Amino acid sequence: MRLSFVRVMPALFLLLVACSEQKKPAAEKPAPVAAPPAKPDSVATAKTTPPAAPDTTELQDIAAYMAGSRVSSRSELRPLTATPAWQAFAADADKSWEKYHQTRTSKIQQWAATELDSVRAASPAIFYPFSGPDLLNVVTMFPTSQTYVLMGLEPIGTVPSSSTLANPKLYPALKASLWSVLNFSFFRTNDMAVELNNKKPDSNALRKANSILKTAAKTNQRVNIGGVVPLLLLFAARTDHQVEALRYVVLSPEGQLTEADSAKAQKPGLNVVPGVELKLRGKDGTQKTVVYLSADISDWKLGLTKEAALKYVRTLGPVTTYVKSATYLMHKSYFSKVRNLVLERSNYVLQDDSGIAMKYFRPADWKFTYYGTYKRPINLFAKQYQPALTQAYADSANKPRPLPFGTGYNWRQNDSNLLLAKRRTAPAS
């Protein structure tokens, strides 16, 4: 669920709250692009070519800056990118992302191009519950989808202010917050960090992760950038998307997105579900929408919010659901409503073993393909062991297929698992 990030992010970013409240500089408007002159023999009714979309928005420059990538020549952040501190941060970020792409992105892309080809073609909308700000993994797994709906407990946050962006203490904070997702594919809780450090081998990388967090704490290298928005922007930039627009939203009791001001999204009422909507443009020019909702989707809390989050998902039509590192919440009786929604509204479910327990899938309704290796959950989640999965992975008549990358809590390549569940008949409309 990235309950991890709920706890990790506030622990990382504690300084500069006051500075973060300063206003961002106004967006610099691009010069208008003139339409080409009509040819002498053009007919009067001929349509003129529409002006090209601007290559870069202020939001895109902020996203690129936090990602350690080049900003536009007109950006007010450009002088900051000439400082030694930012250049060192950018060089280190490039090194980390290059390693990530070699060890994960390229492997996921090659695997999914074959194993998920038909799934991708039938997945215009992806539902990713318990995701936190993990736009990174979902767009890598499903790059051709048009809509991504993420849900987690993490607060919305805001676009960082100019003073926050200018503070060099931002850089180690970003590095610390990204370390676990780039190395283990998920955000960690403190308890999980202890648990993972007891795992062998590869403990050196885990110790290094904790060392980065401790160093940031000791040197007070922490800033408050306040929620998921900064990381959503960063991940958009690092996955080759242009950020074109962002708006804050709340859900009506009927499950409709309603535009809201930043203050309301930061401090919603107890029964209000706040969110943020990003409009992105892919390298091929395709438009994408990312919606993150800060929602407690336990049965009890859904009752207080009139199930607005689930009603919103229903407006998407049939979806493909993606679940990873979800702390096994849908195994539990008090997450039955979101579990039932997934089972009712999904054409496909792609999940690791922390998603929906096998006992809730009716074999008459679903066809299963198993990938990788199923081992017992890490000790922190030992009670969620599923004998049914052990049996399924041992079935010689339906052998599991290879999984050439690590994912989930058992994050090493040869320890990870994924299940692809395909609905045998279309969901009821």
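## A quick tour of a predicted model

Let's start in a loop: Ser325 sits between β7 and α15. Helices (H or I, at least four residues) and strands (E, at least two) are DSSP runs, numbered from the N terminus. What you're looking at is a predicted model, where local features need pLDDT of at least 70 and side-chain atom pairs count only at pLDDT 80 or more, while totals for chains, interfaces and linings use all residues. Residues are numbered from 1 along each chain as its sequence is written, and side-chain values use heavy atoms, leaving out hydrogens and water.

**The overall picture**

- The protein has 16 helices and ten strands.
- Of its 429 residues, 53% are buried; buried means under 20% relative accessible area, exposed means over 50%, and partly exposed is in between (1.4 Å probe, protein chains only).
- The accessible surface comes to about 19700 Å², and 53% of that belongs to carbon and sulfur atoms. Areas like these come from the Shrake-Rupley method with a 1.4 Å probe, and for residues only the protein chains shown count as cover.
- Take the contacts with a separation of 6 or more: 74% of them are between residues 24 or more positions apart. A contact means heavy atoms within 4.5 Å.

**The sheet**

- Ten strands make an open sheet with mixed pairing, in the order β4-β3-β5-β6-β2-β1-β7-β8-β10-β9. Two strands pair if DSSP finds at least two bridges between them.
- At the edges are β4 (257-260) and β9 (366-372), each of which pairs on one side only.
- From one strand to the next, the twist averages 25°. For angles like this, axes are lines fitted to C-alpha atoms (for helices, over the stretch in contact), and values run from 0 to 180 degrees between N-to-C directions.
- Helix α15 (residues 336-345) packs on this sheet, touching β1, β7, β8 (346-351), β9 and β10 (417-423). The direction of α15 makes about 120° with that of β8.

**How neighbouring strands line up**

- β1 (residues 125-128) and β7 (residues 319-323) run parallel and are joined by two bridges. Ile126 stands opposite Thr320 in β7.
- β7 also pairs with β8, in the parallel sense, over five bridges. Here Thr320 stands opposite Tyr348 in β8.
- β8 is largely enclosed by the rest of the structure, because five of its six residues are buried.
- β9 and β10 run antiparallel, with seven bridges joining them. Tyr370 stands opposite Leu419 in β10.
- β9 is mostly covered, with five of its seven residues buried.

**Helix α4**

- α4 (residues 84-115) has 32 residues and reaches 44 Å from its first C-alpha to its last, close to the 46 Å expected at 1.5 Å a residue. That expected span is 1.5 Å times one less than the number of residues.
- There's a bend of about 45° in α4 at His101. The bend at a residue is the angle between axes fitted to the seven residues ending there and the seven starting there.
- Buried residues of α4 include Trp86, Phe89, Trp97, Tyr100, Arg104 and Glu115.

**Covered helices, and what they touch**

- Nine of the ten residues of α3 are buried, so this helix is largely enclosed by the rest of the structure.
- One of the residues in α3 (residues 58-67) is Gln60, which is buried at a relative accessible area of 8%.
- Leaving aside residues up to four places away in sequence, Gln60 touches Ala237, His241, Gln242 and Val243.
- Helix α11 (residues 229-238) is mostly covered too, with ten of its ten residues buried. Ala237 is among them.
- Arg281 lies in β5 (residues 274-281) and counts as buried, at 18% relative accessibility.

**Positive phi angles**

- Most residues other than glycine have a negative phi.
- Ser325 is buried, with a relative accessible area of 0%.
- Glu307 is not a glycine either, and its phi is positive, near 55°. It's in the loop between α13 (299-304) and α14 (308-314) and is partly exposed, at 29% relative accessible area.
- Two helices are followed by residues with positive phi: Gly68, near 80°, comes after α3, and Asp240, near 65°, comes after α11.
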